[in-house]
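Q: I am new to this structure and would like a close look at a single part of the model.

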Amino acid sequence: PAQMQLFALYARERLPDIPLWNPHIVAGRPFLANAQSAVFSPYSLPAYVLPFWTSLGWIAVMKVWVAAFGTFLLARALGMRFGGALLAGVVYAFSLWMVAWVTYPHMAVWSLIPWMLLATDRLVRRPDLLSGAGLAVAVALQFLCGHPESSFHALVVTVLFFALRLARSRRARSAPLLPPLLAFFGAAVGGALLAALTLVPFTEL
């Protein structure tokens with residue numbers, strides 16, 4: 001965990017300039033292009049504006065709350081009653097995986113998976129501009145959170161969930177395929193473009 005704290009401190013000390021280079025690892029390494037520095041992650045914001053050691057607690061609370069509330073909303077959207085949806089949110093957010101990795105970028109990405117699935121479900125039901133924008137924002141935020149491997153997991157799960165929901169939707173009401181397909185892939189590309197400030201340096205590195 002101390003590694004992530006050092007990244008946040010290094011960025012905090014240099015803002016509003018965005019640090020591109022980290023001279024403290026071997027002979028120097030790119031900083032912004034190192035995804036785990038998570039300079040633009042929404043979870044890094046408290047570390048920039050609050051007393052640093054206090055901010056770490058608020059960041060953990062934010063991650064747990066976002067994971068729990070997103071799972072609750074997803075469960076409700078899928079037809080679960082209040083009690084079941086609440087239990088789903090608590091179980092996901094306080095699972096051993098999430099709690100053990102709460103200080104790392106892993107959980108930052110995983111906390112947004114329910115939101116990506118929720119946006120995907122809405123997009124299948126109503127493939128309009130608002131649904132596409134919601135999914136694009138969720139995709140962009142998880143890219144900014146700073147763990148490419150978890151981003152890969154999140155995107156794979158989202159694609160599989162989209163295929164499942166689309167198949168069920170067509171079976172239930174013979175909905176057309178093209179609008180949700182275009183909206184989904186447009187949202188995925190849009191999310192990547194929104195996160196280009198992080199993705200382009202990372203890809204080059």
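Which helices each supply at least two residues of the lining of the largest pocket?

A: This is a predicted model, in which local features need pLDDT of at least 70 and side-chain atom pairs count only at pLDDT 80 or more, while totals for chains, interfaces and linings use all residues. Residues are numbered from 1 along each chain as its sequence is written, and side-chain values use heavy atoms, with hydrogens and water left out.

At least two lining residues each come from helix 1 (2–14), helix 2 (45–49), helix 3 and helix 6 (105–110). Helices here are DSSP runs (H or I, at least four residues), numbered from the N terminus. A pocket is found on a 1 Å grid over the protein atoms alone, as an open set of points where a 1.4 Å probe fits, with protein on both sides within 12 Å along at least five of seven lines; its lining residues have an atom within 4 Å of a point.

The largest pocket holds about 350 Å³ of space, a volume being the space filled by probe spheres set on grid points joined across faces, edges and corners. It is lined by 22 residues, of which Met4, Ala8, Ile59, Lys63 and Thr103 are the closest to its centre. By class, the lining has 15 nonpolar, 6 polar and 1 charged residues. Here Ala, Val, Leu, Ile, Met, Phe, Trp, Tyr, Cys and Pro count as nonpolar, Asp, Glu, Lys and Arg as charged, and the others, Gly among them, as polar.

Helix 1 also takes part in the second largest pocket, where it gives the most to the lining, with 6 residues. That pocket has a volume of about 170 Å³. Its lining consists of Gln3, Leu6, Phe7, Leu9, Tyr10, Glu13, Asn22, His24 and Ile25, which divide into 5 nonpolar, 3 polar and 1 charged.

Helix 3, which spans residues 52–77, also packs with helix 7 (residues 113–125) at an angle of about 25 degrees, their axes lying 8 Å apart. Axes are lines fitted to C-alpha atoms, for helices over the stretch in contact, and angles run from 0 to 180 degrees between N-to-C directions. Helix 3 is therefore roughly parallel to helix 7, a label for angles under 35 degrees. Residues in contact (heavy atoms within 4.5 Å) include Val66, Phe69 and Leu73 of helix 3 and Trp115, Leu118 and Arg125 of helix 7. By class, this contact has 10 nonpolar, 2 polar and 2 charged residues.

Terms used
Angles under 35 degrees count as roughly parallel, over 145 as roughly antiparallel, 65 to 115 as roughly perpendicular and the rest as oblique.
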